[in-house]
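Here is a friendly tour of a structure with several chains. Take a moment to look it over, and then we can walk through it together.

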Amino acid sequence: MDALSMGGYGAYVWTCYALGAGVLVVCEWRARLRHRRVYREIEVRIKALGDNQ
Amino acid sequence: MTAKLSADGLTLFRGERCLFQGLSFALNPGELLLLEGRNGSGKTSLMRAIAGLIEFEDGDVLWEGKPIRTNRPDFYGSVVWMQHRVGFKADLTLVENLRFESHLRAQSGADLDVVLKRLDIDRLKRLPLRSLSAGQQRRVALARMLLSSVPLWLMDEPFTNLDREGRALVMDLTTEHLSKGGMCIMAAHQDVEIGGNVTKIELK
Amino acid sequence: MWKFIHQLASPPHFYRIAPAFIRWLAVPGLLLIAYGTYAGLFVAPMDYQQGDAFRIIYIHVPSAYLSMMAYMIMAVSAGIGLIWRIKLSHAVAAAAAPLGAWFTFLALATGSIWGKPMWGTWWEWGDPRLTSELIMLFLYFGYMALRGAIDDTAKADKASAVLALVGAVNVPIIHFSVEWWSSLHQGPTIIKEGGPAMDAAMLYPLLAMILGFTLVFGALLLRRVRAEVLYRERRTRWVKEMILAGGN
Amino acid sequence: MMSEEDTVGMTSGILGVARRDLLLAWKRPGDILNPLFFFAMVAALFPLAIGPSPEQLQFSGPAVMWVAALLAMLLSLNSLFLSDFEDGSLDQMLVSPVPLSALALGKTLSHWLTSGLPLVIVSPVVAITFQMPFAVTGYLMVTLLLGTISLSLLGSIGAALTVGLHRGTALLSLLILPLAMPVLIFGARTVSLVAAGDGVAGGLYFLAAYAVLTLSFAPFATAAALRISNE
């Protein structure tokens, strides 16, 4: 419990580490999301063009 | 012998659309290059690209054998550009507008009054450009070309807004320019009757 | 050497080999962060002035460093793209901006949280570093807004590259002027985050965190660049063939 | 008889464009006056918001006037290249042997003469309402004189980048304001320092050096941006 309370600064310290982890996760997630969206868009277009030809 | 102006393997995209691919041409003194095609076929884009205002996807336009992209001052010192938007200030008078031209490119030293008389706009000298009709503004743009002393005329749709008389005037002036060893690239969707050495490019 | 760079800069090749690079950056990076977090939180001794609150610097310093680093990467690759017309480097610049903005945000948030117990306020204008970071965030916003406002990718690349270069000239000046400005301010005394005489047990976790964050940043950057490359090459034959073959 | 180099050159390009734009401004005085009115009105908003206490006004005067000046400059920047872009004059400037950076510098020069310099000239009038002593007003004018040069030059880059874009005004502010912070900091703080009776040489040197620095790179950045924006 002592380790968690960080000499009374626990809330500040843990918030910062959570934020750090959060930013890393969000960046990774946004990058994957963007990739997936672009991929889908191209896939749909290629399929649609394939039907026309 | 290298041509004065030449192009090899030009490819141009506008947005997602490919306007043309692998286009080539050559132009020498006394010659006219005529770009034909319906509206929206990419004539204006090609003209703007030759003028160096937009970039080709592939290929280069060469002026005296050197790509214009890297030799802009050389090329631009020999060109005058006429397009749909005439490039004059509506608030300035005809004379004030033409006087500014001398800061942009070499002038032939031709007498202003003679040139304006020939174009039949000498009465409008002191009027601000906004009070001129579209056709009269086109004639002022022609005055810009006559007052300059450059060999290459780039004209995008020079006949727009001109009456029959005006169109004949453009053709006469161009023929005259070519006969003096000048060059011209013209984009037009009307029939053009210009004597001399004409090459045509049809855009689809 | 040149051939290697040229090959790497070819979009299909980059797209194929990027996942391997991402793995090789992310795994050691995450391991370093794990070690740094553990050692920083539980092993490093308490700072006698700041108490346990100083442990925030293990997040704050790497993110502040990366916010500058990302701007530099962005400006340099934008410059390369503008001068040598390498499409991949424009993609790198486009990918670096949002990441840089996120790390700048992290540096600001942690700096502000650190400031609360230290200065008693969430925001202290007297601290030049926080103020610089704030302006940095505005610079990133401007860059991304300009990119977002131009539809044509090639045009957006070139216009934003000019902005990135102008910004890069200004960043040191902004830094300097904020420094000068706060030196006039007679506010609360600012405790320096870690002096030169830092205990080894405090220093090693910090170095591990900086290196780990940098590696993970590299991995994130590559992942974003990969998505950018795919978008930019969407009309090409290799993308079509890859997607028809069900590749990833 | 002048040679070609004399008639079509850098100096002639800079001065020719500047003269044309000044002539245009002369025919449309509203373009000069509107930012000035804006400057005076923003400066008047603050006393109304802060309250009439002379001490407080005297204290916040330099900062308020500098912020107002910065916003007024920003307001006038939006139209810097817009009409040239719309009527095709920009095309004519691009297709010219005169370096585009020289023409851009000419435009910036006339922008400064029609928006920066008038601000400097009317600033003493506004300063009176802030109870600013004469000596301090003198320094305010000097910092504005040096600072607005940088603002015009930096602003021309932003104006060139955003010309032809929708939502141009808001975007322009977003691009330029962070870059303008050093000018604001040194401008406003230097005047505040004078008011407090401190030394000022450092701030003035910085503003002068920054003006020279922006003068050395802004025209080229503006030219590059114009070429890109006009595509």
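## A covered helix in chain B

The buried residues of α3 of chain B are covered by elements that include α4 (112-118) and α5 (134-147) of chain B, together with α2 (10-27) of chain D. Helices here are DSSP runs of H or I with at least four residues, strands are runs of E with at least two, and both are numbered from the N terminus. Helix α3(B) spans residues 94-101, and six of its eight residues are buried. A residue is called buried if 20 or more other C-beta atoms lie within 10 Å of its own, exposed if 12 or fewer do, and partly exposed in between, with C-beta atoms placed from the backbone. Which residues of α3(B) are buried? They are B:Leu94, B:Glu96, B:Asn97, B:Leu98, B:Phe100 and B:Glu101.

Before going on, please note that this is a predicted model, in which local features need pLDDT of at least 70 and side-chain atom pairs count only at pLDDT 80 or more, while totals for chains, interfaces and linings use all residues. Residues are numbered from 1 along each chain as its sequence is written, and chains are lettered from A and ligands numbered from 1 in the order in which they are written.

## A buried strand and its partners

Strand β8 of chain B covers residues 183-187, and five of its five residues are buried. B:Met183, B:Ile185 and B:Ala187 point one way from β8(B), while B:Cys184 and B:Met186 point the other way.

Strands are said to pair if DSSP finds at least two bridges between them. Strand β3 (residues 31-36) of chain B pairs with β8(B) in the parallel sense over four bridges, and B:Leu34 stands opposite B:Met186. Strand β7 (residues 152-156) of chain B also runs parallel to β8(B), joined by five bridges; here B:Met155 stands opposite B:Met186. Together with helix α6 (residues 164-179) of chain B, β7(B) and β8(B) make a right-handed β-α-β unit. Right-handed means that, with the strands pointing away from the viewer, the path from the first strand over the helix to the second runs clockwise.

## An open sheet in chain B

Chain B also has an open sheet of four strands in the order β2-β1-β4-β5, with antiparallel pairing. Its edge strands are β2 (17-27) and β5 (66-67), each pairing on one side only. Strand β1 (residues 5-14) and strand β4 (residues 58-63) of chain B run antiparallel and are joined by five bridges, with B:Ser6 opposite B:Leu62 in β4(B).

Helix α1 (residues 43-50) of chain B packs on this sheet, touching β1, β2 and β4 of chain B. The direction of α1(B) makes about 125 degrees with that of β1(B). Such angles run from 0 to 180 degrees between N-to-C directions, and axes are lines fitted to C-alpha atoms, for helices over the stretch in contact.

## Two loop residues with positive phi

B:Glu64 has a positive phi of about 50 degrees although it is not a glycine. B:Glu64 is placed in the loop between β4 and β5 of chain B, and counts as partly exposed because it has 14 C-beta neighbours inside 10 Å.

In chain C, Arg85 is another residue to look for: C:Arg85 is not a glycine, yet its phi is positive, near 55 degrees. C:Arg85 is found in the loop between α3 (57-84) and α4 (87-119) of chain C. With 13 other C-beta atoms within 10 Å, C:Arg85 is partly exposed.

## Crossing helices in chain D

How do two helices of chain D meet? Helix α7 (residues 100-129) of chain D and α10(D) pack at an angle of about 105 degrees, with their axes 8 Å apart. That makes α7(D) roughly perpendicular to α10(D), since angles under 35 degrees count as roughly parallel, over 145 as roughly antiparallel, 65 to 115 as roughly perpendicular and the rest as oblique.

## Where the chains meet

Residues are in contact if their C-beta atoms, placed from the backbone, lie within 7 Å. Of the three pairs of chains in contact, chains A and C share the most contacts. No contact joins chains A and B, whose closest C-alpha atoms lie 13 Å apart.

Between chains D and C, 22 residues of chain D are in contact with 24 residues of chain C. On the chain D side, α9(D) gives the most, with eleven residues.

Terms used. Contact = placed C-beta atoms within 7 Å.
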